[in-house]
Every structure is written in structure tokens, then in C-alpha cells.
Amino acid sequence: MKVEQFTEPLAYHGEGPVWSEAWGGLRWLDMLAGDVLSLAPDATVVRRHVDTVVAAVRPRRGGGAVLGVERGFALEDPDGKVTLLDPLWSDERVRMNEGGCDPDGRFYCGSMEYDTRRGAGALHRLDPDGSTATVLDAVTISNGLEWSPDGGRAYYVDTGTGRVDVFDYDREHGLTGRRPFAVVPGPGKPDGLTVDAEGGVWVALYDGGAVRRYAPDGTLDEVVDLPVTKVTACTFGGPELDRLFITTSREHLAPGAEPRAGALFTCVPGVRGVPVREFAG
């Protein structure tokens with residue numbers, strides 16, 4: 001599968017790509033700079049600063065976006081105004097890291113300690129009415145989260161476990177029945193993920209230089225190799241949702257090493273994605 005470099009290496013820690021027709025196409029993050037990057041129709045990139053960290057972004061049903069920021073959540077109005085909600089914690093050692101929306105329009109974002117101390121993170125949820133809840137405790141690096149096409153299962157990565165887990169999901173009970181879905185052997189560690197229309201789970205490998213697709217039964221059936229090691233996340237996009245966009249990072253790389261790290265890459269994997277789930281608040 002041929003991978004193409006789509007942008008210059010313009011992110012220090014590229015993350016969280018999302019395609020939404022509501023906001024005109026692709027957005028992704030320069031997470032540790034606190035910036036949201038948007039791909040303009042002429043293929044130029046617009047950068048907008050939001051907070052010290054911006055960890056995840058999803059469209060709102062009424063326009064604008066919901067975001068995970070360093071210590072909680074934020075809302076972007078249709079006119080672009082961003083409002084930071086009350087912080088969920090005061091500990092400066094902990095930050096948000098990655099998230100997504102469930103089929104009922106609730107937004108989740110998970111946290112980690114900057115020094116990746118084991119069990120220091122959690123998975124938090126923002127409901128449309130503005131209330132919040134902690135749905136998982138004792139997480140090390142809360143990472144990729146996405147639902148199956150029918151919404152009945154959710155796939156989740158706590159990078160410290162070295163695997164992808166799966167939950168059952170319904171609105172009343174939320175995430176239940178956590179169990180291993182796929183062990184992700186090295187090189188690299190599982191990071192962000194997305195799900196295609198056939199139920200395949202695509203997992204980025206940080207320090208592994210690849211994205212792996214796992215079939216709905218958890219077996220490995222595709223590997224996409226990249227020319228950089230720190231592969232962080234992926235999403236389906238394009239008008240037909242038939243193109244995979246892949247973010248990369250140059251965090252912890254020596255100056256001059258891997259000069260393409262931090263660029264956005266793309267490929268055509270032969271399957272389509274599903275439309276992004278939106279926040280109902």
C-alpha cells in the first residue's frame with residue numbers, strides 16, 4: 001500500500017485527525033503546541049491556537065466543535081469563539097490525551113501524566129447538558145477510542161497495556177464488559193485508532209512506523225508502513241471517506257533526525273470509513 005506525504009512536517013506532535021464535511025474537511029492537532037490545524041480547499045494549512053494542550057476535537061451537531069484541552073473540555077461556537085469549561089483537576093502533572101464521541105452524542109477524552117506514571121490517568125465524559133463523569137480510572141496513557149459501525153462496541157487503547165480492548169456499549173449502561181480485542185506486538189506501541197465501514201480497526205504504532213488493521217475478529221490483516229517511526233493516529237476522509245489520513249510526531253527525536261516526522265501522510269486502503277460521530281451539546 002503506497003503512502004504519500006501530504007503536508008510538510010509542520011507539527012511537533014501531530015495527533016487526532018478528524019474529517020467532517022460540517023467544517024469543510026480535515027482537522028488535526030499539533031497537540032503539545034495547543035493548536036488545531038485545518039486543511040483549506042487549496043491544500044494550505046490554517047493553524048489556530050486553543051490552549052496549552054489540545055488533545056481531541058469533534059464537530060458539534062449545531063456547528064462548531066468540542067475539544068479536549070489540557071485539564072478538561074472546551075466548546076467552540078459556530079462563529080469560532082472557544083470557551084474553556086471548568087477544569088476537571090488541578091494537578092499540573094496530568095493532561096488530556098485523546099478522545100471521541102459515542103453514538104449518543106457524548107464526548108469522551110482520556111488523560112495521562114506527563115511522565116507517563118502508571119495508573120495516573122482516567123477516561124472522562126462530557127454529556128450534552130454540560131455534566132461530566134469519570135468512566136475509567138487507573139489508566140496509564142488513555143489513547144484511541146472509536147465505536148463499531150453499528151455502535152454496539154467500542155475499541156479503546158490504554159497504551160501501557162500494549163493492546164486494543166473492546167467494550168460493549170449502550171446508552172443506559174455505557175461502556176461495559178471490557179476485554180482484550182488484539183494484542184499489539186512491537187516494534188512500537190498502540191496509539192490512536194479508527195474503525196472502517198467493514199468493522200476493521202486501524203491502529204497507529206508510536207515508535208513502530210506503521211498502522212495496522214485488525215479484522216473484526218481481532219486478527220491482523222493489513223500493515224501500512226510509514227517512513228517515520230512516531231505514528232500517532234489515523235482517520236478516514238475525503239468526500240467518499242476512502243482515504244486514510246495519518247498523523248506523525250517528532251517528539252523526543254534528535255534535531256535533524258527523521259526530517260519527514262511531523263508531516264501528515266495519506267493512502268488509499270481499499271475500504272471506506274464511517275462518518276464522524278458528533279457531540280450533541
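The model I am reading is a predicted one.

I then looked up how the two strands are joined. β1 and β24 (residues 264-267) run antiparallel, with 2 bridges between them.

Next I turned to empty space. Rolling a probe the size of a water molecule over the atoms shows where such space is left.

I noted a volume of about 450 Å³ for the largest pocket. Its lining has 20 residues, and Met112, Thr116, Ile141, Tyr206 and Glu251 lie nearest the centre. I sorted the lining of the largest pocket into 6 nonpolar, 8 polar and 6 charged residues. Which strand gives the most to this lining? I found that β18 does, with 3 residues. Both β10 (94-101) and β18 (189-195) supply at least two residues each.

My last entry is on the second largest pocket, which holds about 230 Å³ of space. I listed 14 lining residues there, with Trp23, Arg27, Val36, Ser38 and Val46 nearest the centre. Two or more residues of this lining come from each of β3 (25-30), β4 (35-39) and β5 (45-49). By kind, I wrote down 8 nonpolar, 3 polar and 3 charged residues for the lining of the second largest pocket.

Notes. Residues numbered from 1 in each chain as written. Predicted model: local features only at pLDDT ≥ 70, side-chain atom pairs only at ≥ 80, totals over all residues. Heavy atoms only, no water. 1 Å grid on protein atoms, 1.4 Å probe; cavity = no way out; pocket = protein on both sides within 12 Å on 5 of 7 lines; lining within 4 Å. Points joined across faces, edges and corners; volume = space filled by probe spheres on them. Helix = DSSP H or I, 4+ residues; strand = E, 2+ residues; numbered from the N terminus. Nonpolar A, V, L, I, M, F, W, Y, C, P; charged D, E, K, R; others polar. Pairing = 2+ DSSP bridges.
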